[in-house]
Amino acid sequence: MVSGLTTPTGDTTSTSILFFSENAQRKLLAQIIEYALEAVHVDDFEGVSVDFGRFFSAMREANFDIEFVHRRRGLENGISEGKLAGIVFYRLTRERIINLNQSLLKQGHFQFLQEEVMIKIIGALLHVDFSDEWIAQKIGTERSEGMRQKFQDLYNELRYISCRRHYNQESLALFFDSMVYLQTAIDEMRRISSALKDELPD
């Protein structure tokens with residue numbers, strides 16, 4: 001599994017910060033390969049290739065961006081998980097890391113494969129489930145009775161934006177930080193609900 005995000009802290013005037021070590025990058029690459037192959041049938045494995053050079057290029061840029069943000073802001077307590085996730089997701093989706101052969105490309109359901117894999121990677125890093133059951137059952141329902149506004153499909157919105165629309169690290173950071181808050185709230189509600197059920201008489 002991909003380990004959770006931790007933030008670089010301490011003296012911002014020190015030497016270069018390598019947030020993702022070489023070992024961490026190799027583990028991340030292995031997870032990307034695993035997720036990509038999970039998405040296709042075993043007979044189609046040869047149709048999927050992962051460009052190591054583009055991956056490591058993206059991670060170099062991510063490490064540079066993280067160091068820049070850390071030094072610019074002078075954050076003694078580090079950088080938020082959402083900001084880190086925004087930087088990593090931005091860099092990984094800007095490069096064509098996962099490539100498919102023509103046979104797989106003709107199958108429409110694979111057109112967002114790279115973006116889906118990278119969303120899954122970020123979810124693992126943040127310990128966030130973008131398709132959590134509680135979120136999924138709210139999609140398309142009214143926020144409150146009589147309101148026209150309805151809950152949106154966050155997963156598909158993120159996937160669509162990362163494929164078809166302009167986005168930047170800052171907007172991604174806000175989205176991912178919000179998702180961390182949402183997941184925490186969902187987990188807390190479940191914990192409270194479970195505790196209340198345990199207290200009820202048989």
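Predicted model: local features only at pLDDT ≥ 70, side-chain atom pairs only at ≥ 80, totals over all residues.
Me: What share of the contacts joins residues at least 24 apart?
Reply: 75%, taken among contacts between residues at least 6 apart in sequence.

Me: OK, the core. Which residues in the largest nonpolar one touch the most other members?
Reply: Ile 98, Val 117, Ile 122, Phe 130 and Phe 176, out of 49 residues in that core. Elements that each supply at least two residues of this core include α1 (22-38), both β1 (48-50) and β2 (98-100), and α8 (169-199).

Me: Which element gives the largest share?
Reply: That's α5, with nine residues.

Me: Let's pick Ile 98. What does it touch?
Reply: Leaving out residues up to four places away in sequence, Ile 98 is in contact with Ile 32, Ala 36, Val 48, Ser 49, Leu 113, Gln 114, Val 117 and Met 118.

Me: Back to α5. At what angle does it pack with α3?
Reply: About 155°, and the two axes are 10 Å apart. Because an angle over 145 degrees counts as roughly antiparallel, α3 is roughly antiparallel to α5.

Me: Left-handed or right-handed crossing?
Reply: α3 and α5 cross right-handed.

Me: Which residues meet there?
Reply: On the α3 side you have Glu 81, Ala 85, Val 88, Phe 89, Leu 92 and Thr 93. Facing them from α5 are Gln 114, Glu 115, Met 118, Ile 119, Ile 122 and Leu 126.

Me: New topic: where is Phe 130 found?
Reply: In the loop between α5 and α6 (133-136).

Me: Buried or exposed, and why?
Reply: Phe 130 counts as buried, because its relative accessibility is 6% and the cut-off for buried is under 20%.

Me: So what does Phe 130 touch?
Reply: Skipping residues up to four places away in sequence, its contacts are Ile 119, Ile 122, Gly 123, Ile 135, Tyr 155, Leu 158, Phe 175, Phe 176 and Met 179. Two of those, Ile 122 and Phe 176, were on the list of core residues that touch the most other members.

Me: And how far is Phe 130 from Val 180, in sequence and in space?
Reply: They're 50 residues apart in sequence, with 10.0 Å between their C-alpha atoms.

Key: Residues numbered from 1 in each chain as written. Heavy atoms only, no water. Contact = heavy atoms within 4.5 Å. Core = buried A, V, L, I, M, F, W, Y, C linked by side-chain atoms within 4.5 Å. Buried < 20%, exposed > 50% of the residue type's maximum accessible area, 1.4 Å probe, protein only. Helix = DSSP H or I, 4+ residues; strand = E, 2+ residues; numbered from the N terminus. Axes fitted to C-alpha atoms, helices over the stretch in contact; angles between N-to-C directions. Parallel < 35°, antiparallel > 145°, perpendicular 65-115°, else oblique. Left-handed = near helix turned anticlockwise from the far one by under 90°.
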